[in-house]
Amino acid sequence: MKELTISLVGSAGEGLDSIGSLFSTVLAEHKYALFSWKEYESRVRGGFNSYHLKISSQPQNYPREQSDLLLALNPEAQDKYTSLLKPSGLLIGPKENSRFQSLVLSFKDLAKKELGNSLYANAIALGFLTGILKLKLELLLEALQKKFATKSLAIINNNLEGARLGYGQALDSSLNLTLPPSGEHNYFFTTGHPATALGAARAGCHFMAAYPMTPSTGLITYLSQKQEELKVFTLQAEDEIAAINLALGASFAGVRSMTATSGGGFALMVESISLAGMTETPVVIVLAQRPGPATGLPTRTAQGDLLFAIFAGHGEFPKVVFAPSDPEELYLKTIKAFNLAYKYQLPAIILTDQFLADSNFSYWDFNWEGETPQFFRANPSEFKEYKRYQFTPSGISPRLCPGQSVHLVGADSDEHDEWGHITEELDKVAKPMLEKRLNKLKELQKEIAPPLEVDIADSKYIFISFGSTKESVLAAQKHLRTKGEKVGVIHFSELWPLPSYSFPQNALLITVENNATAQLAKLLNLGYSLNLKHSILKYNGLPLTPEEIGRKFDEIQNQI
Amino acid sequence: MKSKTKFSNNVPSQWCPGCPNHLILKALQNGLEELELTPQEVCLVSGIGQAAKLPHYLKGNFFNGLHGRALPVATGIKLANPKLKVIVTTGDGDCYGEGGNHFLHTLRRNPDITLLVHNNSIYALTKGQASPTTPKGEKRALNPRGVEDEPLNPLALALIQGTGFVARCSALEIEHLKEVIKEAINYPGLAYVDILQPCISWLKPSLETLKKETFFLSHDPQDFEQALKIALDPAQKWGLGIIYKNPWPKPVLGEGFYQHFSLEQLTHLPPLDLTIAQNLLKAH
């Protein structure tokens, strides 16, 4: 067996996250690679949540459609999610089910009966998982002790007792599940937000303002919690408009700054993105996508804001839009986004989504030095008279900050002259100033990386994708190749300005997107004069799996 | 008062000839000079409107941003570099209307900045519409039967939200205005000055009203209860002076962070060390 998939299902407040993260620790200690993703309702208690783990010897960072083991914490969740179980799968839950190999077990009842409190159901479930997979109980007990170190002795002991109890139940059940062979490394796991946060701090960011909005909130939360190490000043703003304007003020004054939000908050920021473009104030904006329109599905995933991000802002001005594919790319592209934002003095947008923000990816290591921080502040002693918006051949005016030298620095949202003062001189000042800003695109475009190409030379079909769908697309492509289908992949992580690139002529191009209107296809048709007609789209709020891509590929093949 | 100071520049004004905005500018320029500040130490921040053009006419650093958004920009600048004297020049439409939410939360947040609101109770640049401080019943461009909304009481709002320095001035009393501005700039924390300013094009409030009705307050500005009474009393709506000055200024925004890390500016911090990034991620 190359991989084993487990789904934990229950309700908000039942602790699926804690079970998942503690169990991940145990698996890491056994040198397994792990991928986990979750879907949950927008509520604090109740409803239905699921947490999916995929265990393998090597990192395989993409979701599966069905699981080998479904562990349900309550009967309603068991009913709702039974369809996620493979026909050969094993069902553990409080209700009978004759369709699957199953064990009727209510962790809550057991916890109440044996430990006097149903709260310890999680510890029992963890023990059960550890037992059924023949993993070392001691490693679980250590993880529990660490997690509850600050709690009372009674709480610690009950958790340990619960784990032992669950472990015993698993051994007594004589049920059997086989794990893949363990890997060679102690892998580490990370979700998207810490990688973005560390990329930002590595790039020299020391200021972030944001308004809480799922699924972006984890980013400022991580920066706040790691303030001691990262020294990033974080501020919770009254709204997203304030958040981006706070970041612009700090950036103008000389601190690398960022903000983060999701669709609705991004909509509020749009006027200020235009302000960043006009005042040439660098800023990095992380847009963690969720399905819209309006409030949409707050806790689900989508790639539906691609065109909105690229065309965000009234008027015409250059910006950068990246769509990193995984945490490693989030780290690297965040550094690059800061470098480009500050070199070209413009807004840079990093597209991520709920799937990338919340899923745990396994790594042996990052390409830590793939991008390094670069700084572009001008030297004040070079100027006799300083002009913030000096006309230059590249369009990049030397950037100084207020209060750092004898030179005065002005910025204006009105069309302005070289000093930043309001102008109504149309042909002499306003027009060349607009051209100055747009001129920056020429050099900027050369810095944008072309897409990743996989097996395109002999391909009859090519999947074109962007952002967080990458690993699922690659897994689908690999699988199709094993079936003899000549399929390749072109994957974009840097989307605007569009890089110089020539698409293969003789393959059928199919975009694969987590949205309903094939926005990537539209963008590429516009930017490269293509005529893309085929897309594999998913827009129900859940991430794409290789299985679905494979099925939809078959459908496209049958149509043509 | 001097008409030429080290804060004068040669940028031609777009204000109406004779507009009291010129007087506010003069009071600010003279105040800054008397405080012995340099243009390099000063950063003016504004949004949109006639008052928001002021930063262009004063020699200093400036950020003239979007309508209503001066306060968050100013707060960001001050947090990045506390050595800058950050002054917001804004109007009643910009600050109380479009930027009302930022006004409210800046009062709570207490950044160490100075907020000067040119309050003429009218939208002058867009040709005579009511503003949040237009008195009820007044006929304005879009209110042929008179304004129906209650006017905002920004001074009372500032007081009940704990603002440490709250003042009302008149653009026509520029010596007094200059002195209050100086005290506001020196106050540690948010210092807010509402400046009554007649609009000479739309004649509201009229020059005559302001000349006739204003008077100087004589209460103890450290007395909060008295200050609140004045702010709420319609009979004292033309009273000028420092309405409240908290003698025990509260900690300013960012102070805790700066003290904890013994910082002078955020602007001089190096990027995160690579090994720290590696350790944090692997520990995650």
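In chain A, the charged end of A:Lys38 sits over the ring of A:Tyr40, 5.3 Å from the ring centre, where a charge counts as sitting over a ring if NZ of Lys or CZ of Arg is within 6 Å of the ring centre and within 35 degrees of the ring normal. A:Lys54 likewise lies over the face of A:Tyr62, at 3.9 Å from the ring centre.

This is a predicted model, in which local features need pLDDT of at least 70 and side-chain atom pairs count only at pLDDT 80 or more, whereas totals for chains, interfaces and linings use all residues. Residues are numbered from 1 along each chain as its sequence is written, chains are lettered from A in the order in which they are written, and side-chain values use heavy atoms, with hydrogens and water left out.

### Aromatic pairs

Over all chains the structure holds 30 aromatic pairs, a pair being rings of Phe, Tyr and Trp (its six-membered ring) with centres within 6.5 Å, called stacked if the planes are under 30 degrees apart, edge-to-face if over 60 and tilted for the rest. The rings of A:Phe188 and A:Phe366 have their centres 5.7 Å apart and their planes at 55°, so this pair is tilted. Because A:Phe188 lies in strand E7 (residues 188-190) of chain A and A:Phe366 in the loop between strands E14 (361-363) and E15 (410-412) of chain A, the pair ties together parts that are 178 residues apart in sequence; strands (E, at least two residues) and helices (H or I, at least four) are DSSP runs numbered from the N terminus. Both A:Phe188 and A:Phe366 are buried, that is, under 20% relative accessible area, with exposed over 50% and partly exposed in between (1.4 Å probe, protein chains only). A:Phe207 and A:Phe233 form a stacked pair, with 5.9 Å from centre to centre and 5° between the planes. Ring pairs also link A:Phe188, A:Tyr331, A:Tyr363, A:Phe366 and A:Trp368 into a cluster.

### Nonpolar cores

A nonpolar core is a set of buried Ala, Val, Leu, Ile, Met, Phe, Trp, Tyr and Cys residues joined through side-chain atoms within 4.5 Å. Of the 102 residues in the largest nonpolar core, A:Ile464 and B:Ile77 touch the most other members, and helix H10 (residues 240-252) of chain A gives the most to this core, with eight residues. Apart from it lies another core, of 52 residues, among them A:Ile19, A:Leu71, A:Leu90 and A:Ala125.

### A helix of chain B

The 13 residues of helix H6 (residues 174-186) of chain B should span 18 Å at 1.5 Å a residue, and the end C-alpha atoms are 18 Å apart, which agrees; the expected span is 1.5 Å times one less than the number of residues. Among the buried residues of H6(B) are B:Ile174, B:Leu177, B:Val180 and B:Ile181.

A:Ala312 is placed in the loop between helix H12 (306-310) and strand E12 (320-322) of chain A, and B:Lys53 in the loop between strands E1 (42-46) and E2 (61-64) of chain B.
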